[in-house]
Amino acid sequence: MSTLRSLSIAAARDGLARRDFSAVELVEAHLEAIEAAGDLNAYITVTADVARARAAAADDRRRQKETRGDLDGIPIAIKDLFCTEGVRTTAGSHILDGFVPPYESTVSAKLRDAGAVMLGKTNLDEFAMGSSNVTSHFGAVKNPWGPRDGKDLVPGGSSGGSAAAVAARLCLAATGTDTGGSIRQPASFCGIVGMKPTYGRCSRWGIVAFASSLDQAGPMTRSVQDAAIMLQEMAGYDDRDSTSAPIEVGALEQAAVAGDIRGLKVGIPVEYRFDGMSGEIAALWQKGIEILRARGAEVVDVSLPHTRYALATYYIIAPAEASSNLARYDGVRFGLRVKADSLDEMYEMTRGEGFGAEVRRRILIGAYVLSAGYYDAYYLKAQKVRSLIAGDFTLAFDTVDALLAPTAPSDAFAIGEKMDDPITMYLNDVFTVPTSLAGLPAISLPAGLSGRGLPLGLQIIGRPFDEATVLRIAGALEADAGFEPLPVRDDG
Amino acid sequence: MRASCIKENIAKMPYVIHGENRDWEVIVGLEVHAQVKSKAKLFSGAATDFGAEPNSQVSLVDAAFPGMLPVLNGFCIEQAVRTGIGLNAAINLVSVFERKNYFYADLPAGYQISQYQRPLVGEGWVNIDLACGSSKRIGIERLHVEQDAGKSLHDQHPTYTLIDLNRAGVALMEIVSRPDVRSPEEAGAYLRKLRAIVRYLDTCDGNMEQGSMRCDVNVSVRPVGDNELRTRTEIKNVNSVRFVMQAIEREAERQVEVYETGGAVRQETRLYDPTKGETRAMRAKEFAHDYRYFPDPDLLPLTLTAEYVAGIRATMAELPDQRKQRYIDDYGLSAYDAAVLTAEKEAAEYYERLADGRDPKLAANWVITNLFAVLNKQGRSIANSPISADDLGALLDLMTTNKISGRQAKEVFEAMAEGGGKPEAIVAERGLSQITDAGALEAAVDAAIAGNPKQVAQFRGGNDKILGWFVGQIMKATKGQANPGQVNALLRKKLKD
């Protein structure tokens, strides 16, 4: 059945249409594989009953000639940050113990309504805070490309479960969320495609909030074309999210498969070429440049002068918002409650027990930078720098149509590495964070292998709401990168 | 001049606390939380009815479930803009909602969405009406829009506090005055004026007892003649005009005593205890928060167009001050009467219905002197008046067409106040009517003159006062139905003959 699991969405769509196989067969193949690959810990909750029922319904629709479109009957995974009606939602945290939302997030509802079949909820860093998926209350996720040198590897984070599940063929696609790189960095580590759309493109309604001004849902797939198909269904204006944008999405799949990038101008941000960049990352980047040139794009250097402040800015703004967003987990209305003799004590014990170390650290940082006497020096200043960073991109896009950059500074590292010093961990986001701060669309696609045979991703960054151009360039790059998105560990 | 104006001279004197060594004045600023009149909450579609079953008007947004997002209710903003215009205030076309972070069990999100650095409404002013038609301008610093919290119920269970989130997320307007208030009376007049404005505009119920208007009072004192402001205390959540006035009086006296005994007033939050008639300091823990305000990233800055504001301005209901001026200009009422009649929208509407087609001064007199006395005595509001404006109008018509005398009209009015029915029915039932027929009156006058030669002689001897006695005799003889004015004139004429 590994052939069924190795299909792209596009191929599965066509196969279903030709009645080569049924949605139920697709689902059964995946459920069986999920069970067999339990040690990856990619899923927190497997929704086998839901999946079987939805697959059967999809098959029924097909028989009735009432198929809903590209995703009808396609088995996907949902990051466990999206609230799902009647299905436990954890955000990878102990504090949401027993929480079963009576509502479905807008994005997952759109996918459900399009006929996509939810296989389960994927693992993630607690409250999406992390770059390794080791902060999950439900345990670390293993990268299906590992182990290396006898050590299991991280899948990246925070959407590590989704990335691992897509790479290990435990679903055809998955949803992720990206705040500072949480879709793109795990996509790079796991050798898949991950796209963070423009801020405001996908509704945040029903997604457990980490940092509201940065959080954005996006697709994680095994091809650029599939990312386009997924995003087409996920995106769209939602009047329940005041930051959602009423801007037309356009025809994304056509852009992804067009292949023609002649005349497009692609910028290389010179500040990203920092001292100490690994040789293989630099080489990968060069390979990308050459492919784009060979395809007729013009590649030029551009400057994003405030890049070096991005990480510091991000690690003020994101924790500030998180400290406030996570105040609602207080033991009063849902989730974990540790009983105590007073309200304050109940808060302290519930939150002390319910949140892991990384979440507690970020809440503390966030509360600190917002507190009286520090607000101006930290939060306010960070907001000003954020505007400057966004301004860098605006200026660059006066002369170029998109940017090309590496996604992450390294390939996947081993579980347990980089844990001693949070700063080392935060450096994983150095190439992804500036785009997040500017709210721009960006895609990571696998473009080569490291010396250890692990995948490395390149990133295309575009103008606001110009996902189509990002997908067009990514599709062209993908076609010539010659990357076989197959983990060594494929058990099929 | 009305009885209340006997105090005029007193009212014009500044409010001064006579200390042991010197005189002190009180400086007061008020922060009023007025609940926006709206069917739905500020950021959710949940209902806002008062007195509903606990937790029956709570949406997932109000309960701050994971992933829920606020969506601004445009009607609440319209109401707040309307109120801002009513306060003669600048409307800020860009304002920002911020998060005020603190933990409490009835604050589901752990933050209140409020406005901080950039409020919707900027500086304005209101005129307050003081005794005898005088008025004073009180500055408004700002009006901002925010969410209310839920309610903690500490007395429903021996060991648990229960939470009712019906109120959580309801829209409030916080209206902050300048420290322009100088006495408890002015504070009372300010609150009554604010209440009148929001009721005229239909933007708030203005009901302090139900909590749709709540008040925090900032109080400081300083020696008369000083210009520097001294440390103020804040008295939280005072829930009636009377208590606000009492609280200011007590707190000012306390502060004077503190200074005069060599102490210093601490900046702190206090509560007013109406049963003991004193303020007491809250524990530091009850108010010492660092709220960590920052712009709410779930909401974009609120941007209004000048056209939008102009549209609201064009549809403003008449305000109390405008109505008061109209009464002075069109009805010829005194400033005092006009202020009294316009203080409550319902009273003004009652008055206008009554004055329609009648003598406006007579109508004003009857409402202020007679009707308000009855309402006061019966403890009723004008909305529940025992006498409708139409019935009172019918009564005045009987009087002005000389069907009944003024004295009879009072009698009928008292009967109406006790639920006696329509004025015409009472007049008929009691056989009240006025003899205005000249022939009949002349006969009665002639009979009185003929029957009392001794008194006639006294009158002609120069005792003018005896005339009143004659009127009394004739009224008695006619069972009070003779028109006193006509009787008077006839008597004079005939006695002098």
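Is A:Asp149 buried or exposed? At 68% relative accessibility, A:Asp149 counts as exposed, because the cut-off for that label is over 50%. Before going on, a reminder that this is a predicted model.

I'll stay with that part of chain A for a moment. A:Asp149 sits in the loop between strand 3 and helix 6 of chain A. Its phi is positive, about 50°, although the residue is not a glycine.

A:Phe127 is found in the loop between strand 3 and helix 6 of chain A as well. A:Phe127 is another non-glycine residue with a positive phi, about 50°.

Then the peptide bonds. The one from A:Gly146 to A:Pro147 is cis, and omega there is near -10°. A:Pro147 belongs to the loop that runs between strand 3, residues 117-122, and helix 6, residues 160-167. A cis bond also links A:Gly157 to A:Ser158, with omega at about 10°. A:Ser158 is again in the loop between strand 3 and helix 6 of chain A. If you have the backbone torsions open, those are the entries to look up.

Next, the interface. In terms of contacts, 42 residues of chain A meet 31 residues of chain B. As for area, the size of an interface is often given as the accessible area lost when the parts come together. Here chain A and chain B bury about 2900 Å² between them, and 58% of that is on carbon and sulfur atoms. On the chain A side, A:Ser242, A:Arg328 and A:Arg333 supply 20% of the area buried against chain B, more than any other three residues.

What about polar interactions across the interface? There are 17 residue pairs in polar contact between chain A and chain B, counting pairs with both residues at pLDDT 80 or more. The rule finds one salt bridge across the interface. That salt bridge is between B:Asp298 and A:Arg204, with the closest N and O atoms 3.0 Å apart.

Which helices of chain A each supply at least two residues of the side that touches chain B? They are helix 11 (310-325), helix 12 (343-354) and helix 13 (357-370). Helix 11 of chain A gives the largest share, five residues. By residue class, the side of chain A that touches chain B divides into 21 nonpolar, nine polar and 12 charged.

Over to chain B, and a sheet. It is an open sheet of three strands in the order 5-4-15, with antiparallel pairing. Strand 5 (111-115) and strand 15 (294-295) each have a single partner strand, so one side of each is left without a neighbour in the sheet. Strand 4, residues 97-101, is joined to strand 5 by five bridges. One specific pairing to check is B:Asn101, whose bridge partner in strand 5 is B:Tyr111.

Last item, B:Ser385. Where is B:Ser385? It lies in the chain B loop between helix 9 (360-378) and helix 10 (389-400). Its relative accessible area is 17%, and the cut-off for buried is under 20%, so B:Ser385 is buried. The side chain of B:Ser385 reaches the backbone oxygen of B:Ile387 at 2.7 Å. Setting aside neighbours within four places in sequence, B:Ser385 is in contact with B:Tyr350, B:Leu371 and B:Leu375.

That's what I have.

Note on methods. Residues are numbered from 1 along each chain as its sequence is written. Chains are lettered from A and ligands numbered from 1 in the order in which they are written. This is a predicted model: local features need pLDDT of at least 70, side-chain atom pairs count only at pLDDT 80 or more; totals for chains, interfaces and linings use all residues. Side-chain values use heavy atoms; hydrogens and water are left out. Two strands pair if DSSP finds at least two bridges between them. Helices (H or I, at least four residues) and strands (E, at least two) are DSSP runs, numbered from the N terminus. Contact means heavy atoms within 4.5 Å. Buried area is the accessible area (1.4 Å probe) that two parts lose on being put together, summed over both. A salt bridge is a side-chain nitrogen of Lys or Arg within 4 Å of a carboxyl oxygen of Asp or Glu. A polar contact is a pair of N or O atoms within 3.5 Å; within protein, one must be able to donate a hydrogen and the other to accept it, and residues adjacent in sequence count only if both atoms are side-chain atoms. Ala, Val, Leu, Ile, Met, Phe, Trp, Tyr, Cys and Pro count as nonpolar, Asp, Glu, Lys and Arg as charged, and the others, Gly among them, as polar. Buried means under 20% relative accessible area, exposed over 50%, partly exposed in between (1.4 Å probe, protein chains only).
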